[in-house]
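Please read the report below beside the sequence and the model, taking one site at a time. It begins with the ligand and then turns to the sheet and the pocket.

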Amino acid sequence: ANYVEVVNATKQYRMGEQTIIANDALNFSVKQGELAVILGPSGAGKSTILNILGGMDSPTSGQILVDNVDIAAFSERQLTAYRRTDVGFVFQFYNLVPNLTAKENVELATAVAPDALDPTTVLQEVGLAQRMDNFPSQLSGGEQQRVAIARALAKNPKLLLADEPTGALDYETGKQVLKLLQDVSHKRNQTVLIITHNAAIAPMADRVIRINDAKVREITENQTPVSIG
Ligand code: ADP
Ligand code: ADP
(Lines give C-alpha, C1' and ligand atoms only; values in the text may rest on other atoms or scores of the structure.)
(Ligands and ions follow the chains in the order given, each with its own letter.)
Protein backbone atom coordinates (compact mmCIF):
# COMPACT_ATOMS: atom_id res chain seq x y z
CA ALA A 1 0.00 0.00 0.00
CA ASN A 2 1.14 3.57 -0.59
CA TYR A 3 2.05 5.28 2.63
CA VAL A 4 2.79 8.62 0.98
CA GLU A 5 0.99 9.97 -2.06
CA VAL A 6 1.88 13.38 -3.41
CA VAL A 7 -0.74 14.57 -5.88
CA ASN A 8 -0.13 17.64 -8.04
CA ALA A 9 1.74 19.36 -5.23
CA THR A 10 2.74 22.89 -6.12
CA LYS A 11 4.54 25.35 -3.88
CA GLN A 12 4.97 28.96 -4.89
CA TYR A 13 6.85 31.63 -3.00
CA ARG A 14 6.07 35.26 -3.55
CA MET A 15 9.15 37.48 -3.58
CA GLY A 16 7.90 41.03 -4.13
CA GLU A 17 6.85 41.16 -7.78
CA GLN A 18 8.28 37.74 -8.49
CA THR A 19 6.72 34.32 -7.97
CA ILE A 20 9.11 31.44 -7.44
CA ILE A 21 7.75 27.98 -8.18
CA ALA A 22 9.71 25.67 -5.87
CA ASN A 23 7.55 22.59 -6.54
CA ASP A 24 5.62 22.38 -9.81
CA ALA A 25 2.78 19.82 -9.77
CA LEU A 26 4.78 17.00 -8.17
CA ASN A 27 3.33 13.50 -8.42
CA PHE A 28 4.90 10.53 -6.70
CA SER A 29 4.16 7.90 -4.11
CA VAL A 30 6.11 5.84 -1.59
CA LYS A 31 4.95 2.47 -0.34
CA GLN A 32 4.94 1.51 3.31
CA GLY A 33 8.32 0.10 4.33
CA GLU A 34 10.15 1.51 1.32
CA LEU A 35 13.41 3.41 1.40
CA ALA A 36 12.84 6.21 -1.10
CA VAL A 37 15.29 8.83 -2.27
CA ILE A 38 14.43 12.22 -3.72
CA LEU A 39 17.48 13.02 -5.81
CA GLY A 40 18.24 16.37 -7.37
CA PRO A 41 20.72 19.23 -7.51
CA SER A 42 20.72 22.26 -5.26
CA GLY A 43 17.64 24.42 -5.88
CA ALA A 44 15.62 21.54 -7.36
CA GLY A 45 12.91 21.79 -4.70
CA LYS A 46 13.90 18.91 -2.39
CA SER A 47 13.78 20.81 0.91
CA THR A 48 10.48 22.36 -0.06
CA ILE A 49 8.74 19.01 -0.52
CA LEU A 50 10.49 17.56 2.56
CA ASN A 51 9.21 20.45 4.68
CA ILE A 52 5.73 19.88 3.30
CA LEU A 53 5.85 16.13 4.02
CA GLY A 54 7.13 16.89 7.52
CA GLY A 55 4.25 19.23 8.27
CA MET A 56 6.51 22.29 8.54
CA ASP A 57 5.01 23.94 5.50
CA SER A 58 1.91 23.57 3.31
CA PRO A 59 1.67 23.37 -0.48
CA THR A 60 0.03 26.18 -2.43
CA SER A 61 -2.13 23.54 -4.11
CA GLY A 62 -2.37 19.79 -4.39
CA GLN A 63 -2.80 16.90 -1.99
CA ILE A 64 -0.30 15.33 0.41
CA LEU A 65 -1.76 12.01 1.45
CA VAL A 66 0.01 10.36 4.36
CA ASP A 67 -1.61 7.09 5.37
CA ASN A 68 -4.57 8.19 3.21
CA VAL A 69 -5.09 11.46 5.08
CA ASP A 70 -4.53 14.78 3.30
CA ILE A 71 -2.16 16.72 5.54
CA ALA A 72 -2.32 19.68 3.12
CA ALA A 73 -5.79 20.32 4.57
CA PHE A 74 -4.58 20.20 8.19
CA SER A 75 -4.89 23.14 10.57
CA GLU A 76 -1.78 24.40 12.40
CA ARG A 77 -2.88 22.45 15.44
CA GLN A 78 -3.24 19.22 13.45
CA LEU A 79 0.16 19.79 11.83
CA THR A 80 1.79 20.20 15.25
CA ALA A 81 0.34 16.89 16.41
CA TYR A 82 1.40 15.26 13.14
CA ARG A 83 5.02 16.47 13.52
CA ARG A 84 5.16 15.23 17.10
CA THR A 85 3.72 11.78 16.63
CA ASP A 86 3.78 10.66 13.01
CA VAL A 87 7.12 11.85 11.66
CA GLY A 88 10.74 11.35 12.66
CA PHE A 89 13.39 13.75 11.38
CA VAL A 90 17.07 13.20 10.64
CA PHE A 91 19.30 16.11 9.59
CA GLN A 92 22.65 16.52 7.87
CA PHE A 93 24.34 17.99 10.96
CA TYR A 94 22.48 15.76 13.47
CA ASN A 95 20.90 18.66 15.45
CA LEU A 96 21.58 17.04 18.80
CA VAL A 97 21.32 19.14 21.96
CA PRO A 98 24.99 19.56 22.97
CA ASN A 99 24.52 19.68 26.74
CA LEU A 100 22.40 16.52 26.85
CA THR A 101 23.78 12.96 26.69
CA ALA A 102 22.85 10.59 23.86
CA LYS A 103 20.18 9.04 26.04
CA GLU A 104 18.82 12.39 27.19
CA ASN A 105 18.62 13.55 23.56
CA VAL A 106 16.47 10.51 22.77
CA GLU A 107 14.35 10.95 25.92
CA LEU A 108 13.63 14.56 25.01
CA ALA A 109 12.03 13.51 21.72
CA THR A 110 9.93 10.77 23.29
CA ALA A 111 8.48 13.09 25.93
CA VAL A 112 5.81 14.43 23.55
CA ALA A 113 5.23 11.24 21.52
CA PRO A 114 2.39 9.04 22.80
CA ASP A 115 3.62 5.79 21.18
CA ALA A 116 7.25 6.30 22.14
CA LEU A 117 9.64 3.39 22.54
CA ASP A 118 12.11 2.90 25.38
CA PRO A 119 15.15 5.14 24.67
CA THR A 120 17.63 2.58 26.00
CA THR A 121 16.29 -0.19 23.77
CA VAL A 122 16.42 1.99 20.67
CA LEU A 123 19.97 3.16 21.42
CA GLN A 124 20.97 -0.51 21.78
CA GLU A 125 19.33 -1.26 18.42
CA VAL A 126 21.42 1.36 16.64
CA GLY A 127 24.57 -0.04 18.24
CA LEU A 128 25.14 2.63 20.87
CA ALA A 129 24.65 0.63 24.07
CA GLN A 130 28.12 1.71 25.25
CA ARG A 131 27.61 5.37 24.30
CA MET A 132 24.35 6.33 25.99
CA ASP A 133 25.90 8.54 28.64
CA ASN A 134 28.24 10.36 26.27
CA PHE A 135 27.64 13.91 25.15
CA PRO A 136 27.50 14.63 21.38
CA SER A 137 30.99 16.20 21.45
CA GLN A 138 32.37 12.87 22.70
CA LEU A 139 30.93 10.95 19.76
CA SER A 140 32.14 10.58 16.19
CA GLY A 141 30.02 11.97 13.35
CA GLY A 142 28.64 8.53 12.54
CA GLU A 143 27.77 7.92 16.17
CA GLN A 144 26.06 11.30 16.44
CA GLN A 145 23.97 10.50 13.38
CA ARG A 146 23.02 7.15 14.93
CA VAL A 147 21.87 8.99 18.06
CA ALA A 148 19.82 11.25 15.80
CA ILE A 149 18.31 8.21 14.07
CA ALA A 150 17.57 6.64 17.47
CA ARG A 151 15.92 9.90 18.53
CA ALA A 152 13.74 9.82 15.41
CA LEU A 153 12.90 6.11 15.78
CA ALA A 154 12.09 6.34 19.47
CA LYS A 155 8.98 8.34 18.61
CA ASN A 156 7.90 5.20 16.73
CA PRO A 157 6.91 7.28 13.71
CA LYS A 158 5.36 5.77 10.62
CA LEU A 159 7.42 8.06 8.42
CA LEU A 160 11.10 8.89 8.74
CA LEU A 161 12.36 11.93 6.81
CA ALA A 162 16.09 12.45 6.34
CA ASP A 163 17.76 15.55 4.91
CA GLU A 164 21.21 14.65 3.47
CA PRO A 165 21.80 12.18 6.33
CA THR A 166 25.25 11.21 5.04
CA GLY A 167 26.23 14.70 3.87
CA ALA A 168 28.62 15.39 6.74
CA LEU A 169 30.09 11.87 6.91
CA ASP A 170 32.95 10.15 5.15
CA TYR A 171 32.14 7.42 2.65
CA GLU A 172 32.39 4.38 4.96
CA THR A 173 30.55 6.02 7.86
CA GLY A 174 27.88 7.23 5.47
CA LYS A 175 27.42 3.67 4.23
CA GLN A 176 26.83 2.45 7.78
CA VAL A 177 24.23 5.15 8.34
CA LEU A 178 22.50 4.19 5.09
CA LYS A 179 22.53 0.55 6.13
CA LEU A 180 20.81 1.53 9.34
CA LEU A 181 18.15 3.44 7.38
CA GLN A 182 17.76 0.46 5.02
CA ASP A 183 17.24 -1.82 8.04
CA VAL A 184 14.71 0.61 9.49
CA SER A 185 12.63 0.43 6.33
CA HIS A 186 12.97 -3.27 5.56
CA LYS A 187 13.02 -4.80 9.04
CA ARG A 188 10.75 -2.38 10.90
CA ASN A 189 8.52 -1.70 7.89
CA GLN A 190 8.86 2.03 8.48
CA THR A 191 8.71 4.27 5.44
CA VAL A 192 11.95 6.21 4.97
CA LEU A 193 12.39 9.16 2.65
CA ILE A 194 15.81 10.70 2.08
CA ILE A 195 16.54 13.89 0.18
CA THR A 196 20.00 14.18 -1.33
CA HIS A 197 22.04 15.56 -4.20
CA ASN A 198 24.33 12.52 -3.96
CA ALA A 199 23.59 10.09 -6.81
CA ALA A 200 25.71 7.38 -5.12
CA ILE A 201 22.86 6.80 -2.67
CA ALA A 202 20.32 5.95 -5.38
CA PRO A 203 21.27 2.25 -5.92
CA MET A 204 20.53 1.51 -2.25
CA ALA A 205 16.97 2.84 -2.41
CA ASP A 206 13.83 0.95 -3.37
CA ARG A 207 12.56 4.00 -5.21
CA VAL A 208 14.35 6.98 -6.69
CA ILE A 209 12.41 10.15 -7.46
CA ARG A 210 14.59 12.43 -9.52
CA ILE A 211 13.62 16.10 -9.42
CA ASN A 212 15.08 19.09 -11.19
CA ASP A 213 13.83 22.65 -11.73
CA ALA A 214 10.82 22.05 -9.44
CA LYS A 215 9.51 19.06 -11.43
CA VAL A 216 9.64 15.28 -11.11
CA ARG A 217 11.77 14.13 -14.05
CA GLU A 218 12.00 10.38 -13.51
CA ILE A 219 10.88 7.74 -11.04
CA THR A 220 12.84 4.49 -10.84
CA GLU A 221 11.91 1.42 -8.84
CA ASN A 222 14.84 -0.77 -7.88
CA GLN A 223 13.63 -4.37 -7.72
CA THR A 224 16.93 -5.35 -6.14
CA PRO A 225 18.38 -2.39 -4.26
CA VAL A 226 22.04 -2.77 -3.30
CA SER A 227 22.02 -4.04 0.27
CA ILE A 228 24.78 -2.62 2.38
CA GLY A 229 27.09 -4.59 4.62
P1 ADP B 1 16.77 22.15 -2.74
O2 ADP B 1 16.43 21.65 -1.38
O3 ADP B 1 16.61 21.10 -3.79
O4 ADP B 1 18.11 22.80 -2.80
P5 ADP B 1 14.71 24.14 -2.22
O6 ADP B 1 13.45 23.40 -2.02
O7 ADP B 1 15.43 24.63 -1.01
O8 ADP B 1 15.70 23.28 -3.15
O9 ADP B 1 14.44 25.41 -3.14
C10 ADP B 1 13.74 25.35 -4.38
C11 ADP B 1 13.58 26.76 -4.92
O12 ADP B 1 12.69 27.50 -4.10
C13 ADP B 1 14.88 27.56 -4.98
O14 ADP B 1 14.84 28.38 -6.12
C15 ADP B 1 14.81 28.39 -3.71
O16 ADP B 1 15.56 29.56 -3.84
C17 ADP B 1 13.33 28.66 -3.60
N18 ADP B 1 12.90 28.85 -2.20
C19 ADP B 1 12.97 27.94 -1.20
N20 ADP B 1 12.47 28.43 -0.07
C21 ADP B 1 12.09 29.68 -0.33
C22 ADP B 1 11.48 30.75 0.43
N23 ADP B 1 11.17 30.58 1.73
N24 ADP B 1 11.24 31.91 -0.19
C25 ADP B 1 11.52 32.09 -1.48
N26 ADP B 1 12.08 31.15 -2.27
C27 ADP B 1 12.36 29.98 -1.70
P1 ADP C 1 35.93 9.50 13.35
O2 ADP C 1 36.71 8.23 13.18
O3 ADP C 1 34.55 9.42 12.77
O4 ADP C 1 36.67 10.75 12.97
P5 ADP C 1 36.63 10.21 16.05
O6 ADP C 1 38.06 10.02 15.69
O7 ADP C 1 36.13 11.55 16.41
O8 ADP C 1 35.68 9.60 14.93
O9 ADP C 1 36.29 9.24 17.24
C10 ADP C 1 36.65 7.88 17.23
C11 ADP C 1 36.09 7.21 18.48
O12 ADP C 1 36.54 7.89 19.66
C13 ADP C 1 34.58 7.21 18.52
O14 ADP C 1 34.12 5.94 18.94
C15 ADP C 1 34.24 8.29 19.55
O16 ADP C 1 33.07 7.98 20.22
C17 ADP C 1 35.42 8.27 20.46
N18 ADP C 1 35.66 9.61 21.02
C19 ADP C 1 36.04 10.72 20.36
N20 ADP C 1 36.16 11.79 21.18
C21 ADP C 1 35.84 11.35 22.43
C22 ADP C 1 35.79 11.95 23.74
N23 ADP C 1 36.08 13.24 23.95
N24 ADP C 1 35.40 11.19 24.77
C25 ADP C 1 35.09 9.89 24.60
N26 ADP C 1 35.16 9.25 23.39
C27 ADP C 1 35.51 9.95 22.33
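## The ligand and its contacts

In this predicted model, a backbone N or O atom of G45 lies 3.0 Å from an oxygen atom of ligand 1, a polar contact in the sense of a pair of N or O atoms within 3.5 Å. A backbone N or O atom of G43 lies 2.7 Å from an oxygen atom of the ligand, while for K46 it is an N or O atom of the side chain that is 2.8 Å from a ligand oxygen. On its own, ligand 1 has 560 Å² of accessible area, of which the protein covers 63% (Shrake-Rupley method with a 1.4 Å probe).

The shell around ligand 1, made of residues with a heavy atom within 4 Å of it, includes Y13, M15, I20, A22, P41 and S42, together with the run G43, A44, G45, K46, S47 and T48. Strand 1 (2-15), strand 2 (18-31) and helix 1 (46-53) each give two or more residues to this shell, and helix 1 has the largest share, with 3 residues; helices (H or I, at least four residues) and strands (E, at least two) are DSSP runs numbered from the N terminus. By class the shell has 6 nonpolar, 5 polar and 1 charged residues, where Ala, Val, Leu, Ile, Met, Phe, Trp, Tyr, Cys and Pro count as nonpolar, Asp, Glu, Lys and Arg as charged, and the others, Gly among them, as polar.

Four strands form an open sheet in the order 2-1-4-5, with antiparallel pairing, two strands being paired if DSSP finds at least two bridges between them. Strand 2 and strand 5 (69-70) stand at the edges with a single partner strand each, so one side of each is left without a neighbour in the sheet.

Strand 4 (residues 61-66) pairs with strand 5 in the antiparallel sense over 2 bridges, and L65 stands opposite D70 in strand 5.

## Residue classes in the pocket lining

The lining of the largest pocket divides into 7 nonpolar, 3 polar and 3 charged residues, and helix 3 gives the most to it, with 3 residues.

Residues are numbered from 1 along each chain as its sequence is written, while chains are lettered from A and ligands numbered from 1 in the order in which they are written. Because the model is predicted, local features need pLDDT of at least 70 and side-chain atom pairs count only at pLDDT 80 or more, whereas totals for chains, interfaces and linings use all residues, and side-chain values use heavy atoms, with hydrogens and water left out.

Key:
A polar contact is a pair of N or O atoms within 3.5 Å; within protein, one must be able to donate a hydrogen and the other to accept it, and residues adjacent in sequence count only if both atoms are side-chain atoms.
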